[in-house]
Amino acid sequence: CHICGKDAEAIHHIIGRANKVLRYDFINLLPVCNSCHRKIHEEGLDVSKYVSPERWQFLQQIKNKSYRDLLIFEYMQTEDEFLKDCRNHLKRTLNDRNQIR
């Protein structure tokens, strides 16, 4: 858990999943234990304290951009290409993690 140091059991979306631009962006994900995840959602635990100021600032800047702005002007790729890259990155991450265990 990025907050308390226990084993992570969940992934929290720093900017909510409803944000289609950041939903699949790994910079928007925070590994947390179930207890801390409950505190975030039920008690309003402020996760901004647990990410770097640079990461928080990036997320705040990106959260109001449209897919078109983000994909075309910043990444120069289509939405399908972006999602494919996200899936490939997730597969690589999971493979790397399984090799470490």
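Modeller: Let's start with leucine 22, which counts as buried because its relative accessible area is 0%. Bear in mind that this is a predicted model. Leucine 22 sits in the loop between β1 and β2. Setting aside neighbours within four places in sequence, leucine 22 is in contact with Ile15, Asn28, Leu59, Ile62 and Lys63.

What does the side chain of asparagine 28 reach at 2.6 Å? That would be the backbone nitrogen of isoleucine 15. Apart from residues within four places in sequence, asparagine 28 is in contact with His12, His13, Ile14, Ile15, Leu22, Arg55 and Leu59. Ile15 and Leu59 turn up on the contact list of leucine 22 too.

Now compare a loop residue with another setting. Arginine 17 lies in the loop between β1 and β2, but arginine 17 counts as exposed because its relative accessibility is 57%. The cut-off for exposed is over 50%. Arginine 17 and asparagine 28 are 11 residues apart along the chain, and their C-alpha atoms are separated by 9.4 Å.

Stepping back into the strand, histidine 13 is found in β1. Is histidine 13 buried or exposed? Histidine 13 is buried, because a relative accessible area of 18% falls under the 20% limit. A polar atom of the histidine 13 side chain lies 3.5 Å from the backbone oxygen of arginine 23. Not counting residues up to four places away in sequence, histidine 13 touches Arg23, Asn28 and Leu29.

Leu29 takes us to the largest pocket. Its lining is made up of 16 residues, and Ile11, Phe26, Leu29, Leu90 and Thr93 lie nearest the centre. The elements that give two or more residues to this lining are β1 (10–13), β2 (29–32) and α4 (79–100). Which element gives the most? That is α4, with 7 residues. The volume of the largest pocket is about 460 Å³. By class, the lining has 11 nonpolar, 1 polar and 4 charged residues.

From β2 we can move on to the largest nonpolar core. In general, nonpolar side chains tend to be buried together in soluble globular proteins. Here the largest nonpolar core has 16 residues, and Ile3 and Val32 are those with the most contacts inside it. β2, α1 (34–43) and α2 (53–62) are the elements that give two or more residues to this core. Isoleucine 3 is in contact with Val32, Cys36, Ile40, Leu45, Val47 and Tyr50, leaving aside neighbours within four places in sequence.

Cysteine 4 is placed in the segment before β1. Cysteine 4 counts as partly exposed because its relative accessible area is 40%. Beyond neighbours within four places in sequence, cysteine 4 is in contact with Cys33 and Cys36, and Cys36 is on the contact list of isoleucine 3 as well. Tyrosine 50 is 46 residues from cysteine 4 in sequence and 9.8 Å away in space, C-alpha to C-alpha.

Aspartate 46 is found between α1 and α2, and aspartate 46 is partly exposed because its relative accessible area is 36%. Its side chain makes a polar contact with the side chain of serine 48 at 2.7 Å. Isoleucine 14 is 32 residues from aspartate 46 along the chain, and their C-alpha atoms are separated by 9.7 Å.

As for the whole chain, there are 4 helices and 2 strands, and the elements run β-β-α-α-α-α from the N terminus on. Of the 101 residues, 30% count as buried, leucine 22 among them. Among contacts with a separation of 6 or more, 57% come from residues 24 or more positions apart.

Methods
Residues numbered from 1 in each chain as written. Predicted model: local features only at pLDDT ≥ 70, side-chain atom pairs only at ≥ 80, totals over all residues. Heavy atoms only, no water. 1 Å grid on protein atoms, 1.4 Å probe; cavity = no way out; pocket = protein on both sides within 12 Å on 5 of 7 lines; lining within 4 Å. Points joined across faces, edges and corners; volume = space filled by probe spheres on them. Nonpolar A, V, L, I, M, F, W, Y, C, P; charged D, E, K, R; others polar. Core = buried A, V, L, I, M, F, W, Y, C linked by side-chain atoms within 4.5 Å. Buried < 20%, exposed > 50% of the residue type's maximum accessible area, 1.4 Å probe, protein only. Contact = heavy atoms within 4.5 Å. Polar contact = N/O pair within 3.5 Å; in protein donor to acceptor, adjacent residues only side chain to side chain.
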